[in-house]
Amino acid sequence: MTSISMPNIWVLGDGQLGAMMKHAGQPLGLNITPVDIMTPSDARLPLGANDLITAEREQWPESSLSLQLSQHPHFINGGVFTRLADRYSQKSLLDDIQVATAPWRLVDSNVSNAELFQQLGERVLLKRRTGGYDGKGQHWLNASNNSAIPNDWRELSIAEQAIAFDEEVSLVGARDANGQCHFYPLMLNLHQDGILMATLAPLARLKPLQAKAQAMLSRIMNSLDYVGVMAMECFRLGDDLLVNELAPRVHNSGHWTQMGCHINQFELHLRALANLAIPELSIKCQVAMVNLIGVEYDPRWLSLANTELYWYGKEVRPGRKVGHLNINATDPERLSETLKTLKLWLPSQYQAPLTWLDDNK
Ligand code: ATP
Ligand code: MG
């Protein structure tokens with residue numbers, strides 16, 4: 001038998017997603033190198049002709065280092081990043097391929113706030129076209145107080161209708177090089193102030209929406225001839241799904257798969273990129289994922305028998321994602337116990353998300 005050579009994979013970005021990708025690649029024998037593209041540097045990377053390039057973020061500053069990666073012939077999904085990183089082109093794509101999304105329009109230099117209210121309703125959410133994350137880059141307008149469009153948001157933002165959703169769900173899937181799509185079960189998400197606090201998956205009551213969600217994400221990935229993992233965040237209104245936004249990468253709401261599936265989202269992405277086999281995704285257990293946001297490391301977390309900690313090793317700052325906990329939710333009583341304990345250990349903003357997990361399990 002000839003020996004198999006596995007490709008080296010380089011990741012644009014060296015945050016927690018790149019680190020978890022590297023971690024997932026190790027048992028497969030894949031050599032993954034996350035690259036810091038935020039710190040200015042004249043370094044040249046020893047990229048091989050057969051190496052593969054991926055990204056853990058949608059946007060990055062242009063530098064000789066980032067250009068070396070993004071101009072490599074094997075930068076997978078190269079053209080997709082700019083297309084999805086701009087909400088204007090992302091929403092336009094969804095409209096073009098007729099995938100339902102929250103009603104919207106570009107905030108151009110002429111539109112008045114009255115026109116926005118007339119077209120989109122009493123409450124309108126402005127979102128920066130690029131660079132927003134964790135609820136940053138959002139600005140609400142209310143017809144009741146006739147709020148004005150900030151001048152520096154014109155041309156640089158889109159306006160969206162306020163959606164009175166029942167809840168937020170997301171779907172993570174991958175498309176392989178043969179065009180076949182693979183999906184995890186739908187996930188239930190709780191955001192607070194625009195930032196993901198907790199995810200619960202899988203959930204029996206979301207099963208009836210699975211086929212619809214898969215059809216939407218398949219259509220999106222196929223239209224982009226995409227390879228790898230993509231996440232689709234949705235609003236659920238009754239039996240309908242509206243796409244909120246897309247991420248052409250592994251996604252925070254998919255972290256539960258590290259505990260809950262025999263192939264987690266990071267490994268799934270790598271298998272798709274490297275054209276390795278992707279068998280049916282086998283779910284091991286229901287998982288409650290809690291994001292650790294702006295909280296100090298607490299060694300007591302390690303005493304929870306049904307819980308796995310992922311600590312990102314970043315400096316703790318308010319509002320910053322610094323880790324997550326995956327809690328095995330198979331035994332509802334044990335899950336309740338663990339959530340009760342965490343309520344004692346985590347600050348006040350965690351009370352509602354922990355109760356929410358308990359109520360939805
Ligand atoms: P991410 O960190 O996921 O990239 P983001 O800050 O880029 O998030 P969105 O996902 O668009 O931005 O919005 C964050 C949250 O704000 C959503 O999860 C939802 O809770 C709320 N939100 C967004 N759009 C709307 C809308 N049109 N109507 C009501 N709530 C919304
Ligand atoms: Mg989002």
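## Terms and model

Contact here means heavy atoms within 4.5 Å, while helices (H or I, at least four residues) and strands (E, at least two) are DSSP runs numbered from the N terminus. This is a predicted model, in which local features need pLDDT of at least 70 and side-chain atom pairs count only at pLDDT 80 or more, whereas totals for chains, interfaces and linings use all residues. Residues are numbered from 1 along each chain as its sequence is written, chains are lettered from A and ligands numbered from 1 in the order in which they are written, and side-chain values use heavy atoms, with hydrogens and water left out.

## Helix 3 and its packing

The buried residues of helix 3 pack against strand 3 (52-55), helix 4 (87-96), strand 12 (228-237) and strand 13 (240-247). Within helix 3 (residues 78-85), Val 80, Phe 81, Leu 84 and Ala 85 are buried, a term for under 20% relative accessible area, with exposed set at over 50% and partly exposed in between (1.4 Å probe, protein chains only). Because they cover an arc of only 115 degrees around the axis, they fall on the same side of helix 3; the arc is that of the directions from the helix axis to the C-beta atoms. Gly 79 and Thr 82, on the other side of helix 3, are exposed.

Since Glu 233 lies in strand 12 and Glu 245 in strand 13, the pair ties together parts that are twelve residues apart in sequence. Glu 233 itself counts as buried, at 11% relative accessibility.

## Nonpolar core

A nonpolar core is a set of buried Ala, Val, Leu, Ile, Met, Phe, Trp, Tyr and Cys residues joined through side-chain atoms within 4.5 Å. The largest has 53 residues, and those with the most contacts inside it are Ile 220, Met 232, Leu 342 and Leu 357; its largest share, six residues, comes from helix 6 (residues 207-223).

## Backbone features

The peptide bond from Ala 201 to Pro 202 is cis, with omega near -15 degrees, and Pro 202 sits in the loop between strand 11 (195-201) and helix 6. Glu 155, although not a glycine, has a positive phi of about 70 degrees, and this residue lies in the loop between strand 6 and strand 7.
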